[in-house]
Amino acid sequence: MKPAPRWPLHPAPKEGEALSSWLNRVAAGYRMDLCDLLEHDLGHGPVDDLDTAPLLSLLTVLSQRSGIELERLRGMSLAGWVPWLLDSLDDRIPAALETYAFQFSVLLPRRNRKTRSITRWRAWLPSQPIQRACPVCLSDPADQPLLLAWKLPLMLSCPLHGCWLESYWGMPGRFLGWKNADAAPRTANAAIAAMDRRTWQALTTEYVALPRRRVHAGLWFRLLRTLLDELNTPLSHCGSCSASIRHVWECCGHPLRAGQSLWRPYEILAPAVQLQMLEAAATAIALIESNGVSPHGEQAALFLMEPQTGFINDLPVKERKAQPVDHWREAAKALKEAIAEARHNRETARALFALASHGRRDPESLGRLRVTFSQEGVPPEFLSHYVPNGPFAFLSMNDGLSDKF
């Protein structure tokens, strides 16, 4: 078979750009629309899931046409963000919501949250299309790439320019105009800008820098999703933490729970409600870091600075008797953290399984161990020899026991 000819010219993809946006810009360079490019040049009919899970055959011919690596092209769709941003694109996985949003806690202790399970759910994928973009990024009429993250209820502002994302109208992957054409770019407040910079850092690197230590991108997205659900928890379930939840909503200036009376997963809320939820999450993080609220979740310490130690003035420091270390307790804590990490990190799961199976060779014993891992919430496929093929596949998740990546 004769290889596909290379395009003589085409724009380079922008960092974080959606595949549909890049293909629209390629088509515009040849004075074509996207459908004609797909059908007459690439041999594919209309594709509805370009930004979700494009066909491997399409990505292969695109790589041949452009010279861009297949992994980078796949990373321009949500399929390339599995398993860091979301665990899977399959919305029929049992207990997917429980695994993603209820294994961690920030504001509320886990005992105060009612574990919920619904069918047909995927993290961060909205039930309604989102069309918001940065007015500064798209200020050049000849160069208007749309980022994949803008299509999700994930950020409120542009992490590069610090202004609010604004609503636009257009076709999938193509910007046509602003809904409020006369509006000037609005500067986001410090809390929103800080949260969105961390989200952008997670999308473009392997980690997020939090006050206590660096965490893997996968942990950041799950902490943020956990916080959104905590802020949507009815006060009757919050116990002594209800005052903190109420204070967060008062500080961001929106009604409690963004006016919601019934619980529904964040992804299916109306776009306007999602924006208020994200603003409340940014406010909550800022309040935690400034000691404006007292969080009671297990992972809340990640948002707090390490306590000051050593000399604070010229007076001598009184030596304190070292407390004996409970090594068994520390080992149990480390194992618990490793299991939590293994539930959404294939590499950690395989490393933990290798440690647990040391000295075991018979299939029956290994089979019982796999059942044990499955009962702890570790996906069975994580214990296979499959290696993720995505833009983050070369990254190693934090092992949960140290700060080394």
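Predicted model: local features only at pLDDT ≥ 70, side-chain atom pairs only at ≥ 80, totals over all residues.
At what angle do α7 and α9 pack, and how far apart are their axes?

**Entry 1: α7 and α9**

I looked up the pair and found an angle of about 105°, with the axes 9 Å apart. Angles from 65 to 115 degrees count as roughly perpendicular, and α7 and α9 are therefore roughly perpendicular to each other. From α7, the contact uses Trp-220, Leu-224, Leu-227, Leu-228 and Leu-231. From α9, Met-277, Leu-278, Ala-280, Ala-281, Ala-284 and Ile-285 take part.

**Entry 2: α6 and α7**

Next I turned to the other pair with α7 in it. Helix α6 covers residues 190–204 and helix α7 covers residues 217–231. Their axes come within 9 Å and cross at roughly 140°. I noted that α6 and α7 are therefore oblique to each other, and that their crossing is left-handed. On the α6 side I listed Met-195, Arg-198, Thr-199, Ala-202 and Leu-203. They meet Ala-217, Trp-220, Phe-221 and Leu-224 of α7. By class, the residues of this contact are seven nonpolar, one polar and one charged.

**Entry 3: α8, side by side**

Which residues of helix α8 are buried? In this helix, residues 242–252, I found Ser-244, Ile-245, Val-248, Trp-249 and Cys-252. They cover an arc of only 135° around the axis, which puts them on the same side of α8. After α8 comes Gly-253, which has a positive phi, near 80°.

**Entry 4: Thr-283, a residue in α9**

Is Thr-283 buried or exposed? I placed this residue in helix α9, residues 271–289. Its relative accessibility is 12%, so Thr-283 counts as buried, since the cut-off for buried is under 20%. Leaving aside neighbours within four places in sequence, I found Thr-283 in contact with Ala-191, Val-248, Cys-251 and Cys-252. Two of those names were already in my notes: Val-248 and Cys-252 are among the buried residues of α8.

**Entry 5: Cys-241, a residue in a loop**

I found Cys-241 in the loop between α7 and α8. With a relative accessible area of 2%, Cys-241 is buried. Not counting residues up to four places away in sequence, Cys-241 touches Leu-107, Leu-108, Pro-109 and His-296. I also looked up Ser-294: from Cys-241 it is 53 residues away in sequence and 8.4 Å away in space, C-alpha to C-alpha.

**Entry 6: α11**

In helix α11, residues 346–356, I noted Arg-346, Thr-348, Ala-349, Leu-352 and Phe-353 as buried. Seen down the axis, they fall within an arc of 160°, so they line one face of α11. Their cover includes α10 (327–342) and α12 (363–375).

**Entry 7: the whole chain**

Last, I stepped back to the protein chain. I counted twelve helices and five strands. Of its 405 residues, 46% are buried. Among contacts with a separation of 6 or more, 67% join residues 24 or more positions apart.

Technical notes: Residues numbered from 1 in each chain as written. Heavy atoms only, no water. Helix = DSSP H or I, 4+ residues; strand = E, 2+ residues; numbered from the N terminus. Buried < 20%, exposed > 50% of the residue type's maximum accessible area, 1.4 Å probe, protein only. Contact = heavy atoms within 4.5 Å. Axes fitted to C-alpha atoms, helices over the stretch in contact; angles between N-to-C directions. Parallel < 35°, antiparallel > 145°, perpendicular 65-115°, else oblique. Left-handed = near helix turned anticlockwise from the far one by under 90°. Nonpolar A, V, L, I, M, F, W, Y, C, P; charged D, E, K, R; others polar. Arc of directions from axis to C-beta.
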